[in-house]
Amino acid sequence: MYFVEIIIALLGFLIGSFLNVVIYRIPRKESIVSPGSHCPACGQSLGARELIPIVSFLIQKGQCRSCQARIPWRYPAVELLTGILFFLTASLSFHTGMHPARLVLNLSFVAVLVALALIDLNTFLLPDVLTLPLLGIGLLGAFLIPGDPSGLESALSALGAGGSFWIIARVYPQGMGLGDVKLVAAMGAFLGFPAIFLALFVGSLVGSVLGVFRLSIGQKRFRQQIPFGPYLALGAILTLLWGTRIFDWYWAWVQ
């Protein structure tokens, strides 16, 4: 019953392995193509049996086979997360009768959001090399592929959401960067209206709650910079997967 979804989840594990390369190399301005995968500690090239998502990490007990350096848990976590998200995205697509090309578009959206969230969490950066192509793909896909949002709705949502965040960034540059603005515009292009507002609300709510919690336990100081990208990505993914259900529930509740 879930054969195709499982195949797409397996693809997600492989994509997650590639995303680990993206997350590590792009902030360092290194090529994601060359050289091939290698241990950051000793530089030893990795063979095929060391590149099996999740499995290689478990077999090697989280260590490099050559120098025994510890492999961060982030690597299998990103692979597992991407596989799960690909499975959920595919299930949504088949349940709603989504155009296959729209599924590919949404899988691309999810993959880049995972990479951006981890990069921002580690470096407080949302690189243009990811956010701008994501915006372009979202707009182009909306115009060329049947489904929601339409091309015009995508463009207006990107302009409205991105423009609003651009104003916030100009007024309060310490709390909002231009990387956030470009990410929000890309989210608008993919999600359309009114889904973009739900994504921003969820992301802002989660970010605020966690921020207050971390302040209360002393992990963060007031006015200390926090990465907003992970919360935006979380809001976007939750909206992509369950936004329609959330809106249906909300309208049924208020009527």
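The largest nonpolar core holds 53 residues, of which Phe-109, Leu-183, Met-187 and Leu-191 touch the most other members. Such a core is a set of buried Ala, Val, Leu, Ile, Met, Phe, Trp, Tyr and Cys residues joined through side-chain atoms within 4.5 Å. H4 gives the largest share of this core, 13 residues. The model is predicted: local features need pLDDT of at least 70, side-chain atom pairs count only at pLDDT 80 or more, and totals for chains, interfaces and linings use all residues. Residues are numbered from 1 along each chain as its sequence is written, and side-chain values use heavy atoms, with hydrogens and water left out.

**Fold**
- The protein chain has nine helices and zero strands (DSSP runs: helices are H or I of at least four residues, strands E of at least two, numbered from the N terminus).
- Along the principal axes, the C-alpha atoms fill a box of roughly 60 × 50 × 35 Å.

**Packing**
- Of the 255 residues, 42% count as buried (under 20% relative accessible area, with a 1.4 Å probe and protein chains only).
- Leaving aside neighbours within four places in sequence, Leu-183 is in contact with Leu-113, Leu-116, Leu-126, Thr-131, Leu-134, Gly-229 and Leu-232 (contact means heavy atoms within 4.5 Å).
- Among contacts with a separation of 6 or more, 66% join residues 24 or more positions apart.

Methods
Buried means under 20% relative accessible area, exposed over 50%, partly exposed in between (1.4 Å probe, protein chains only).
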